[in-house]
There are 2 protein chains.
Amino acid sequence: MTVGILCTGTELTRGELVNTNATWLAEELTALGFEVGAVDCVDDDRDRIRRALVRLGNEHEVVLCTGGLGPTTDDLTTECVAELLGVPLVCDAASLEHIRTLLARFGRDMAPSNAKQADFTEGASIISNPRGTAPGFHVRIGRALSFFFPGVPHEMKAMFRDTALPLLAPLVQSRHHQLRLRCFGLPESEVNDRLRGVEAEFGVILGYRASFPEIEVKVLARDPSYDAATARVDAAARVVRERLGDAVFAEGTTTFAEALLTLLGERGATLALAESCTGGLVGDMLTRVPGASRTFLGGVVSYSNEAKTALLGVDAAAIATHGAVSETVARAMAEGARSRFGSTLALAVTGIAGPDGGTPEKPVGLVHFAVADARGTSAQHVVSGGTREQVRVRAAYLGLRFVRRILLNGHDAGVG
Amino acid sequence: MTVGILCTGTELTRGELVNTNATWLAEELTALGFEVGAVDCVDDDRDRIRRALVRLGNEHEVVLCTGGLGPTTDDLTTECVAELLGVPLVCDAASLEHIRTLLARFGRDMAPSNAKQADFTEGASIISNPRGTAPGFHVRIGRALSFFFPGVPHEMKAMFRDTALPLLAPLVQSRHHQLRLRCFGLPESEVNDRLRGVEAEFGVILGYRASFPEIEVKVLARDPSYDAATARVDAAARVVRERLGDAVFAEGTTTFAEALLTLLGERGATLALAESCTGGLVGDMLTRVPGASRTFLGGVVSYSNEAKTALLGVDAAAIATHGAVSETVARAMAEGARSRFGSTLALAVTGIAGPDGGTPEKPVGLVHFAVADARGTSAQHVVSGGTREQVRVRAAYLGLRFVRRILLNGHDAGVG
């Protein structure tokens, strides 16, 4: 039971508008248990609209179409459907009255262009639109039950939920269950290699999404029984977690920072920061999470050497001897932040984000980390590639992971 | 000369990811002078990928395809192209070496799944990808010159600009010129109203793109003569700038933070921060800009009251009397940051980002700002709506705009 989505509009094909309608519909249909096979956009061109409708109607059981129901001359969808079905347009009196009433509420008369919106292909079932002047309709095209909605997002969404959803839900035979495991710290190819064979063993589908620097592993099963689908997903997810180790930091929509804040909260621990090359990014990641103030006390962005000394008490001689990007300075920054904020733990990050400022000894991408707590201070460093933004984002993640590992395993554990 | 875009990936057809690649490509191609007729997505399904490529290759002169070039088993694009062209896959030694080198830089060996990324359809022209392990290629399918890029946005964009653009630009007859003016601080409807009549007066097309909290105004002209197109755009842009005032902060790809850093640099001024509700976001915005260290000295993220006192010298009694979110505390934070960092100017931001923590007197969305320099300290506050993230991002922009206005106009000027 596959679905095709068609969005019409030159604003989409010219890139003036991000197609969030398509994303919303695709997500709703996937959650219902449908497989969305195609999400197509065409511009306001009769030929292309007609061809796309015929094609999608032949390839899918359900088609959802948005846009092209408005009053202007580039709104062509209804006419195209009538042409390809070979039936006339007929005016729906109730829709005409609705449009007239709605316009009157705004003190406007009904123009011929508005009246056009009450014309539907003969035999179509009309979908009322309480929020706007463009009613929708559904009709069979090819083998597909085809729905037509206006492009205005809040109108389309309400009409989908009120009318299309009750008609579509009973069509889905199989139930599906999906779990999203969010990972950091392993390359995509390594994740893929480690999970080889899981699909066949558990009868699940694995999907991967890389969103730098994270990788999301989606574990999906379809089954006539929802419980059976869930059981297969859960069994597979256990193996995925075993094979990926602590690279899996959370499920679903939990962010990397949120997972760490939760862990800190469970331990009754607080965190402070001393950021250099990340420039506030780590603090930003943490404070995006509502309630971060319960465990995150604050930080110092010590972008200059003077600030490292004045605000964190880093010995100016140590900076002169070892450089601002060094293990010695990272340790002193973490210890300085911990004592000034009075936190359980403090993380320091100092590195060379580039594109300039690298040397043979200290190349762009070199980042030193230190985490201090009551038991002591641990340090590590990495050299990684990529753009300035990638170096900074990766450093922020590595820093937070370092805190997590110290919390979970203490200073003696390998933190690499 | 029409173009078809094809984006592959189950994450798109399942609605897990908004298809911003398609929007970006459509905008670039439209700006070049192409007509984009179709923007299609299919899931990771061999049949559907092949059929879409054949169809788009028959209907358009140019096809651009993103996604499916990664190392995992659901990356099928290259195989599909080979199948539909009836040619074998051959390994490209240079690409293999590039992948090996790139992986080695991260201390990794080349897995078989990575080596697969060096396989191309026989006869294809390879598009190198300096930023990642997935090279692209171009090849003729049907009547279309067809380009294949990885789905990772920054890799795709660089490859498009470096390789596809020089091949595509000569195919378009009419010349076009476009200027992008980036704005902050006016609602989209107000921008639209103020620019009424500009299109007709100058023979240009205005496009608007809202990307919270910014609005971009695109001024585009097409003409057989490039000089004529440029002259019309420049004349229209002057009027756009006049009508929008200081809401226009930059042209092209210059960020809001970058524009401010440039201004600071021109004045020989340095900046420090005291951030509360923005939690490091302002520092992050500034330090994303290469070379930020020349003018940005650092900041304190004083998320707790104790940190405001310990690190910025804010009087604990003032916090107790007025609350952490108050003009008094904002002023003290700015002055404390300025003296500790020794900067020309300091900005303080303290507010209630929500969703909790609001009261009738101090609702969620209330943010106090202060800017201190040698001439004194100015303060202002706003109450705005939206999500936690929107309140924080808007506060970061308003704070930076406040610094800019003090720099340009001094403390006496209206800064509202």
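Trainee: Which residue does C7(A) stand opposite in strand 2 of chain A?

Mentor: In a pair of strands, one can look up the residue that faces a given one. In this predicted model, C7(A) faces C41(A) of strand 2 of chain A.

Trainee: Is strand 2 of chain A buried or exposed?

Mentor: To judge burial, count how many residues of the strand are enclosed. Strand 2 (residues 35-42) of chain A has eight of its eight residues buried, so it is largely enclosed by the rest of the structure.

Trainee: Which strand of chain B pairs with strand 2 of chain A?

Mentor: Pairing can also cross from one chain to another. Strand 2 of chain A pairs with strand 2 (residues 35-42) of chain B, in the antiparallel sense and over five bridges. One of the facing pairs there is V42(A) with A38(B).

Trainee: Where else do strands of chain A and chain B join?

Mentor: Strand 14 (residues 296-302) of chain A runs antiparallel to strand 14 (residues 296-302) of chain B, and five bridges join them. Within that pair, V301(B) is the residue opposite G299(A).

Trainee: How many residues of chain B are in contact with chain A?

Mentor: For an interface, count the residues on each side. Here 72 residues of chain B touch 66 residues of chain A. The chain B side divides into 29 nonpolar, 24 polar and 19 charged residues.

Trainee: What can be read about G4(B) in strand 1 of chain B?

Mentor: G4(B) sits in strand 1 (residues 2-8) of chain B. A residue counts as buried if 20 or more other C-beta atoms lie within 10 Å of its own. G4(B) has 27 other C-beta atoms within 10 Å, so it is buried. Its contacts, leaving aside neighbours within four places in sequence, include G37(B), A38(B), L56(B) and V63(B).

Trainee: Which strands pair with strand 7 of chain B?

Mentor: List the partners one by one. Strand 6 (residues 125-127) of chain B pairs with strand 7 of chain B in the antiparallel sense over three bridges, and S125(B) has H138(B) as its bridge partner. Strand 8 (residues 144-149) of chain B also runs antiparallel to strand 7 of chain B, with five bridges. There, A144(B) is the bridge partner of I141(B). The hairpin of strands 7 and 8 of chain B has two residues between the strands, and G142(B) takes a positive phi near 60 degrees. As for burial, five of the six residues of strand 7 (residues 136-141) of chain B are buried.

Trainee: How many helices and strands does chain A have?

Mentor: Chain A comes to 16 helices and 17 strands. Its radius of gyration is 29 Å, well over the 22 Å from the globule rule for 416 residues, so chain A is more spread out than a compact globule. Its C-alpha atoms fill a box of roughly 85 × 55 × 40 Å along the principal axes. Buried residues make up 51% of the chain.

Trainee: Which domains does the domain assignment give for chain A?

Mentor: The assignment gives domain 1 (2-171), domain 2 (175-251) and domain 3 (267-409). The C-alpha centres of domain 1 and domain 2 of chain A are 36 Å apart.

Key. Residues are numbered from 1 along each chain as its sequence is written. Chains are lettered from A and ligands numbered from 1 in the order in which they are written. This is a predicted model: local features need pLDDT of at least 70, side-chain atom pairs count only at pLDDT 80 or more; totals for chains, interfaces and linings use all residues. Helices (H or I, at least four residues) and strands (E, at least two) are DSSP runs, numbered from the N terminus. The radius of gyration is taken over C-alpha atoms; the globule rule is 2.2 Å times the number of residues to the power 0.38. A residue is buried if 20 or more other C-beta atoms lie within 10 Å of its own, exposed if 12 or fewer, and partly exposed in between; C-beta atoms are placed from the backbone. Two residues are in contact if their C-beta atoms, placed from the backbone, lie within 7 Å. Ala, Val, Leu, Ile, Met, Phe, Trp, Tyr, Cys and Pro count as nonpolar, Asp, Glu, Lys and Arg as charged, and the others, Gly among them, as polar. Two strands pair if DSSP finds at least two bridges between them. Domain bounds come from an automatic or database domain assignment.
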